[in-house]
Amino acid sequence: MTDTPTTRHIPDRLNSRAVRIFKSWEALLLAVAIAIFVVNSFASPYFLNVWNLSDATFNFTEKAMIAFAMALLIISGEIDLSVASIIALASTAMGLAMQHGAGTPELVAIGLTVGLLCGAFNGFFVTILGLPSIVVTIGTMSLFRGVSYIILGDDSFRGYPSSFAWFGQGYIYWVFTVEMLLFVIIAIIYAVLLHKSNFGRAIYAIGNNPTGALFSGIRVQRVKFILFLLTGLMSGVAAVCLTSRLGSTRPSIASGMELEVITMVVLGGVNILGGSGTIPGVVIAAFVMGLVTFGLGLLNVPGIVMSIFIGLLLIGVIALPRLWAMAAARRKA
Amino acid sequence: MSALKKLTISFALAGAMLGAPAFAQDDVRIAIVAKALGIGFFEAAAKGAEEAADELGNVEIIYTGPTDTTAEGQIEVINSLIAQNVDAIAISANDTDALVPALKRAMQRGITVISWDSGVAPEGRQLHLNPSSNPLIGNMIIKLAADHLPDGGEVALLSATTTSTNQNIWMEEMNAVMGNYPGIEVVATVYGDDLADKSYREAIGLMQSYPELDAIIAPTSVGIVAAAQAVVDAGKVGQVNVTGLGLPSEMAGAIESGASKSFAIWNPIDLGYSATMLAYELSQNGAEAAPGAEIPMGRMGNLSLDEKSEGAMADPFVYDASNIDDFKSIF
């Protein structure tokens, strides 16, 4: 009649690490990316050419730079719809400075500073005045681009110094562009920031439960303000790259880019309501979007059909796992 | 993992449904790039390009363009055309300067690049095809009026603003050739500022001040429509002929009512045809796009290039009751 203590093993995780990775969103997205790559190589004989693939990266590198910062912002439960307009304003400011004789280092500094200031402007209204970010940034979306239109009107700035072209048109080595290098560096910085730092944990905490986060001693508004600054800064970086690549500034520059950036973030598995998402997901989503647009472009599919395809891709990739889970639940019942 | 499998299969199917395009590698592939897809003017130009392709025989036309009229969109299109190694790109540019780096790269890889309609800066293309030229337009606007006044008569000009560069140049060119039209007298020049209501009032004023007026020439698409409406409202259809430069879609009513016997504007079909012919000549027949060169463009004659390697295609195309129905749905 002696009690034998029964030891029960309680797993600290429901699935093993390998299974978790295998079943993750990123794995699904990666499979989609590989599938698109394979389909493209069969569909067009021009696809598997290193120079063509190198050219194709311009389709997404600038957008992805903003998407990383946007991912953090969305995970924290906010959004910034003004990023494309920040590009327009930063590019216009660089054009003005160029006309007054600024050299390449000054141009870059001005582009980044204007980006930061725009981010601070958004952050002020959201975190200090407590207005909803979607409303504030819809307003600044018109405001920032409006200023560009007032300054430039029907005109354009051109004649940037030739050394400035390095950012958007330069190559580091062989087919590897400067923008690709920036893309990789920025991806690593944001991955470390989100996944390996206290600041990153705070972002998740805020996105899941802002009140809880506040009572845990996280300075919620300050974290959000920094995220707006980062999004503005990244828009400034994208403005430098895009202006350098185009070699000119018009007020219509980058119009509509904000939606592509947000599509990229959501496709990357970031919950649009906040609280979850990863940087590797956004990286893969950037490649998926770049590969799809480039592949369809090679087949001369009209742009209108292309945007339909991107829309279907977004809905499909998001809906499929949900449908699958529903089917699985029904089978069990 | 069945979700993954399903997804992979559905993508493979989607890819297969896009179809393996027929690669006729012997064909000369000429890309006609529009400012944006879905604009009647460019669809008509594409029709002209197909006509040229039929005439040449071994040409495949790739008609493409971005969804919006942005330079970034056109650069993506240009990149994918470079990747496909097309033989020639003929583009109507959304931005004179922003396309230059991309088009330069195309030329470095041996692709013939020309611009048409809306030009690219000289370093980004081999030649630019203008639909017409200032002297040709200046001559055309007075000719349109004079053709219906064999015994001479009084005409008045209804322009845009006093500072509109294009209109002023055209009127200057018109004055330069007035000697060829004896008996035609320009009695007044008024400015409607390219506003419909002001143009309308100015046209009414002209008819009151000059009761003997035979024609109003409006070298602006806003003014010509307003003037035609004014003639109808004043009950002077048949007495005052409205002519000048206008869009077929907007002028169809004026032609029907008789307020305008004819007017002119570029013909997009001819433009697409000529652009294709020029691209073919440069890429296949070794034609050299240099200042002073003469390059054949099929039924449209020769293009002579000026010092900036630009050329004018032809006289503006005349639209009247006989052809307005074909064009009014196009642009």
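## Chain B at a glance

Chain B holds 11 helices and 14 strands, where helices (H or I, at least four residues) and strands (E, at least two) are DSSP runs, numbered from the N terminus. This is a predicted model, in which local features need pLDDT of at least 70 and side-chain atom pairs count only at pLDDT 80 or more, while totals for chains, interfaces and linings use all residues. Residues are numbered from 1 along each chain as its sequence is written, and chains are lettered from A and ligands numbered from 1 in the order in which they are written.

The C-alpha trace of chain B spans about 80 × 50 × 35 Å along its principal axes. Of its 331 residues, 51% count as buried (20 or more other C-beta atoms within 10 Å of the residue's own, with C-beta atoms placed from the backbone).

Chain B is assigned two parts: domain 1 (12-131 + 268-314) and domain 2 (134-265). These bounds come from an automatic or database domain assignment. Taken over C-alpha atoms, the centres of the domains lie 35 Å apart.

Now for contacts, meaning two residues whose C-beta atoms, placed from the backbone, lie within 7 Å. Among contacts in chain B between residues at least 6 apart in sequence, 72% link residues at least 24 apart.

## Where the chains meet

Here 35 residues of chain B are in contact with 40 residues of chain A. On the chain B side, the elements giving two or more residues are α1 (2-18), β2 (59-64), α3 (71-83) and α4 (100-108). Of these, α3(B) gives the most, with nine residues.

## Helix α7 of chain A

Let's turn to α7(A), residues 133-152. Just after the helix, A:Gly153 takes a positive phi of about 55 degrees.

The buried residues of α7(A) include A:Val136, A:Met141, A:Phe144 and A:Leu152. Among the elements covering the buried residues of α7(A) are α5 (83-99) and α6 (104-128) of chain A.

## A pair of packed helices

In chain A, α6(A) packs against α12 (residues 220-246) at an angle of about 150 degrees, with the axes 7 Å apart. This makes α6(A) roughly antiparallel to α12(A), a term for angles over 145 degrees. The axes are lines fitted to C-alpha atoms over the stretch in contact, and angles run from 0 to 180 degrees between N-to-C directions.

Terms used
A residue is buried if 20 or more other C-beta atoms lie within 10 Å of its own, exposed if 12 or fewer, and partly exposed in between; C-beta atoms are placed from the backbone. Angles under 35 degrees count as roughly parallel, over 145 as roughly antiparallel, 65 to 115 as roughly perpendicular and the rest as oblique.
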